[in-house]
Amino acid sequence: MVNYLIRRLILGALTLVLVTFIVFALIRNMPGTPLTLNMGESDPSKKISKEHMEILNRAYGLDKPWPIAYFHWLGNLARLDLGDSFREGKPVIGVIGERVGPTLLLSTASIFLAYLLAIPLGLYATSRSGRIDERSTSVFLYALYSLPSYVAAMQLLYVFYYLLRATAWQLKPGMVSDNYPTMSFPEKVTDIGWHLLLPLICFTYANLAYDSRFIKANMEEAIRQDYIRTARAKGAGRIRVLVLHAFRNTLIPFVTLLGLQLPGLLGGAIILEQIFSWPGMGRLFFDSITYRDYPVIMGLTLMLSILTLAGQLLADFLYAIVDPRITYS
Amino acid sequence: MKPAPSTIAEAKNARRPARGFWSDTWRRFATKKLSLLALVFVGLMGCIALASPFIVGVKPVVCKYKGRIYFPCLSYFHERLENPIFVKELRKKYSVNLRKKDPDSWAIWPLVRQDPFNRVKEDEWEDQPGNPTGSDGKPSRYNIMGTNQAGVDVFAQLVHGTKIALLVGFVSTGISAAIGMTLGALAGYLGGWVDMFVSRMIEVMMCIPTLVLILALIAVVDKATIWHTMVVIGVTSWTGIARLTRAEFLKLRNLEYVIAARALGAGRLRVMFRHVLPNALAPVLVPISFGIASAILVENALSFLGFGSPPPNASWGTLLNAGQRSPDMWWLIFFPGIAIFLTVMAYNLIGEGLQEATDPRLREGAK
């Protein structure tokens, strides 16, 4: 077990180096640097002179060729220093840290809500498999699964931000209202709750459709097993068979799903956050790409890669724990 | 416990000549009505893409001009298909200019006389007003799905964008399938350091955030066209197919027939691609079908974010992008949204049907 863990960690570290190297090469070869892009936006009178540009380039480490700059970055990383954001002038850790809260709020709430609804839905679909009500629910969920979240988000946006604009039902983009700092605590909670509503719906519905189909597929396999027939034969009730005998045995594939969802917890969603002006990780990613904020892109890439690898490792370990047939020795 | 009727059925089957794998799969697929409907839908999309200049456009389908017959509408497929004479003498305003320059000319027009790239102006048609601009472009008799901010007809853009949606799906997924299947086959069949290398590559690809990769690659290309976008989506989405192919090859490489082929002296490549690959193809078809859906999603998302390709190859996502700028113009979001939704759902349903038709575990259950 320990040998296996060490091997996985070494391979993981190797993968991380490769990933960061590739991403570093890519972003440094994108046309434009943070300095030239800033210049284009401001008026010509603020144009940076050539000498000044060289000083700035040196200060930001942009004068070095990218492979050397990469090793500098790697060296700083070994000292746990991810550098400063070009755009905000603050340490990358702090810039990313600011976004953790909003992203986690949205992702945990939506994953929790999706499971809360998907488990009963999946069990219901299994128990009424093939009937007309189950078929219509399944088709509906399938349609939801195929509905791109950005399309749904924009339709909802139209209804709640525009059509209902003069009513009490109007919802606003962003995470908090303008007068948030002056609110009392309960008001603050309701304010965030209202702002959370639409992004949460968009985040949840696709997960819900996926999870419930996942549960149904696993349940379909489980209820064909012999132990289910045994349980029925000994007189266990329908619900008891469904929940205690069948559902409990479908929990193993859940573990893979858990591992896959780990990077999603902090990854945010670039498009949805963009649409709802949610101050999360996805928007930070998109903004730092458009502004060529190299240190932030690298920091986010590193974080997501670690989470992806950790998710895979976690899933493999949980497998060994929940399924005694699997060992790593 | 198999009930008696199945043995009778088996006995009946035994008398019939054995069905091939693909015809068997097709038979199972055809029992899924929704999947079949989805297949019809994709076929219909193909027809719309091919017939788009006849359905909506401002160039005559057929016309007689100065004694000769022309097909100006073909220029919607490629600029060079338009006779230079039209570019020079009739530029824009076909209807008015045809009559002015040659009174004996005649023309058959597309069903809807709207252009996907330009606004129809006031004096362009004698019996049709110019398109409204800005938020006045509500769906109306002449613009059945409204117009965008610049007054370009939405229906025309949707119909002409069908070609892009189909192309993106097939080209990107074709590329990712080619890469994924080759790498997966090599890794699964050869094993050893090749497998190690490919597996590492897959892991690295899975760790790099896809959108970052795509945005960076598109930014590296100067003036990205729709073809660049398709290639970029293709080279970033092969990991799933590669993993599945690898697993299939690992399973198949030690079967008797493969060993027999090797014993007969067939070369490595021949065994891999002539003997093993056809048998590994069925499970790989499923992620390919889902891959088409996701390629279309990704391309439209890119256009939506403003990284799409400019006309004449604008996709449905470009309309969504325009819709985001004007929240009151709901038709810019609604119609392309429905189009993307239906297309994605069609490919998902086809994938689902294929999955159920080829998965032996589900086959047992279906009886």
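Modeller: Happy to! Let's take the two domains of chain A: the centres of domain 1 and domain 2, taken over C-alpha atoms, are 37 Å apart. Domain 1 of chain A covers 16-78 and domain 2 covers 100-322, with bounds from an automatic or database domain assignment. To their contact (heavy atoms within 4.5 Å), domain 1 of chain A brings 17 residues and domain 2 of chain A twelve.

Please bear in mind that this is a predicted model, where local features need pLDDT of at least 70 and side-chain atom pairs pLDDT 80 or more, while totals for chains, interfaces and linings use all residues. Residues count from 1 along each chain as written, chains are lettered from A and ligands numbered from 1 in written order, and side-chain values use heavy atoms, without hydrogens or water.

Together the two domains of chain A bury about 1400 Å², 79% of it from carbon and sulfur atoms; this is accessible area (1.4 Å probe) lost on being put together, summed over both parts. Between them there are zero salt bridges (Lys or Arg side-chain nitrogen within 4 Å of an Asp or Glu carboxyl oxygen).

On the domain 1 side, helix 1 (2-29), helix 2 (34-41) and helix 4 (66-78) of chain A each supply at least two residues; helices are DSSP runs of H or I, at least four residues, numbered from the N terminus. Helix 1 of chain A has the largest share of that side, seven residues. By class, the domain 1 side has twelve nonpolar, three polar and two charged residues, with Gly counted as polar and Asp, Glu, Lys and Arg as charged, while Ala, Val, Leu, Ile, Met, Phe, Trp, Tyr, Cys and Pro are nonpolar.
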